[in-house]
Amino acid sequence: MPPFIHDDFLLGSARARDLYHRVAAPLPIIDYHCHLPAARIASDRPFRSITELWLDGDHYKWRAMRANGVPERLITGDASDWEKFEAWAATVPWTLRNPLYHWTHMELRRPFGIVTLLSPETARRTFDRCNECLGHPDFSPRGLLRQFKVALVVTTDDPADSLEHHHALAACEDTRVYPGWRPDAALGVDDPAAFGAWVNRLEAAADCSIATFGRFLEALDRRHAAFHEAGCRSSDHGLERIEAEPWSDAEVASTFEAARAGRSVDAGAAARYRSALLHRFALMDHERGWMQQYHLGALRNTSTRLRRLLGADCGADSIGDFEMARPLARFLDRLDSEGRLTRTVLYNLNPRDNELMAAMTGNFQDGSMPGKLQFGSGWWFLDQKDGMEAQIRALSNLGLFSRFIGMLTDSRSFLSYSRHEYFRRLVCDILGRDVEQGLVPDDTAMLERLVRGVCFENARDWLGMPLGKMAGEWGT
């Protein structure tokens, strides 16, 4: 019997197997949005164990372990690396039919070469084998990026963050690593204490005092320029929804000054302030020729118990059900009417809104370039077989899938590049099925062009950013 994850995993036809192995698999990876720590890439410090590499910070695994009755001590607590790994190995058999079962065994196969199923019985030898590999230079942070043929990485960085690690990474030629601008903290006037502390950090980073809204915008623009000088060409927002309420400059300035002084702000004023700031950020992106990304629909930090125990972002987030269409249309239309709508990617978290997002991108295409507005890949809770296929289906029906810029990791894990493999296998399988059913022509050149496009070339051309040497012959 072949191993569970084998060479033809997910490839259900001869045409699918040919497209994947001959066309998709050799292509390098462009990861234009992720949460890899730039400091770790810059230092290239080896991982102490497979637990640090695989389990620390992985909310997907944390949620599965909690659902399986694992005590928090063995998830995020003070248990040893072996104890945590053992608890995860005991959970894996119970994840059958969850995407984690696929991802776990794909990540063990590549890069570790392990094809046995993870279970309590195989836990110790898997743990030892992985740790043995981690002592080799190919398994350092940069070594893993080389193994996965990652040509470009865009990290996620706050405007108040130091860019020292990115400056150090400018000399990294194999994989180009660029900062990504994530200014969501600037929207947080509904929590004046946290907002004030963040503005203090921004003051230090921008080297200017911030007492007024005008000075606040000046500081943000200084940091935007500094990011640009460091190679950044991409912004990103993680929002419940786009806000596009009408505002007045005077009220927005007053709202900022109230929050800066530690005073509470009512919900309506906060919404109008966020609407103004989101528009301003989009203008900044357009002025410097950046692309902008909007990850929409997450309901975050729902568990008070876990928030008190572990803080924010501990794996207690959910799919939200916010109104999307009207405010998003208002936001994009204002920018489009002003001639200042830059390249944009919209990511959706609620499967009910897939067709909504796919249709919305079509409203504001202007003929200036192929796919100027993109319906982004399935992310977070939709970053799995059904979610990816649903996104591909909606985009194919309502837009141009052939112009799609493809997959990204949106992950904190250096092993998550198996998700690009997952995506590429699914794309080839879908096309193979389409050929078998007579839905698309069995035209080798046409199919190859589509696979190369959505797996690599469209992102390369759309981003227009210099790639590292791992791009090889495909870098131009």
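**Salt bridges, sheets and core of the predicted model**

By the rule that a side-chain nitrogen of Lys or Arg lies within 4 Å of a carboxyl oxygen of Asp or Glu, the count comes to 43 salt bridges. The structure is a predicted model, in which local features need pLDDT of at least 70, side-chain atom pairs count only at pLDDT 80 or more, and totals for chains, interfaces and linings use all residues. Residues are numbered from 1 along each chain as its sequence is written, and side-chain values use heavy atoms, with hydrogens and water left out.

One of the salt bridges joins Asp184 to Arg182, with the closest N and O atoms 3.0 Å apart. Both Asp184 and Arg182 are buried; the term buried stands for under 20% relative accessible area, exposed for over 50%, and partly exposed for values in between (1.4 Å probe, protein chains only). A salt bridge is also formed by the side chains of Glu323 and Arg241, at 3.9 Å from N to O. Glu323 lies in the loop between β7 (318-319) and α15 (325-337), and Arg241 in the loop between β4 (234-239) and α12 (249-260), so this pair ties together parts that are 82 residues apart in sequence. Helices (H or I, at least four residues) and strands (E, at least two) are DSSP runs, numbered from the N terminus. Glu323 is partly exposed, at 44% relative accessibility, and Arg241 is partly exposed as well, with a relative accessible area of 25%.

The side chains of Arg340 and Glu338 form a further salt bridge, at 3.5 Å from N to O. Arg340 counts as partly exposed because its relative accessibility is 29%. Glu338 is likewise partly exposed, at 32% relative accessible area. Salt bridges also link Arg15, Asp18, Arg22, Asp442, Glu448, Arg452 and Glu457 in a network.

Turning to the sheets, three strands in the order β1-β2-β3 make up an open sheet with parallel pairing, where two strands pair if DSSP finds at least two bridges between them. β1 (29-31) and β3 (176-178) are the edge strands, each pairing on one side only. Neighbouring strands in this sheet are turned against each other by 5° on average, direction ignored. Axes are lines fitted to C-alpha atoms, for helices over the stretch in contact, and angles run from 0 to 180 degrees between N-to-C directions. Three bridges connect strand β2 (residues 150-154) with β3 in the parallel sense, and Val154 stands opposite Tyr178 in β3.

Another open sheet contains four strands in the order β4-β5-β8-β9, also with parallel pairing. Its edge strands, β4 and β9 (373-375), each pair on one side only. Strand β8 (residues 344-348) pairs with β9 in the parallel sense over three bridges, with Thr344 opposite Leu373 in β9.

Six of the six residues of β4 are buried. The strand is covered on both faces, with Ser234, Asp236 and Gly238 buried on one side and Ser235, His237 and Leu239 buried on the other.

In soluble globular proteins, nonpolar side chains tend to be buried together. A nonpolar core is taken here as a set of buried Ala, Val, Leu, Ile, Met, Phe, Trp, Tyr and Cys residues joined through side-chain atoms within 4.5 Å. The largest nonpolar core has 156 residues, and Ile50, Phe112 and Phe216 have the most contacts inside it. Helix α13 (residues 267-287) supplies the largest share of this core, ten residues. With neighbours within four places in sequence left aside, Phe112 is in contact (heavy atoms within 4.5 Å) with Ile50, Leu53, Glu107, Arg129, Cys130, Cys133, Leu134, Phe139 and Leu415.

Cys208 is located in the loop between α10 (192-206) and α11 (213-229). Cys208 is buried, with a relative accessible area of 8%. Its contacts, leaving aside neighbours within four places in sequence, are Glu203, Arg215, Ala219 and Arg222. From C-alpha to C-alpha, Cys208 and Glu218 are 8.8 Å apart in space, and they are ten residues apart in sequence.
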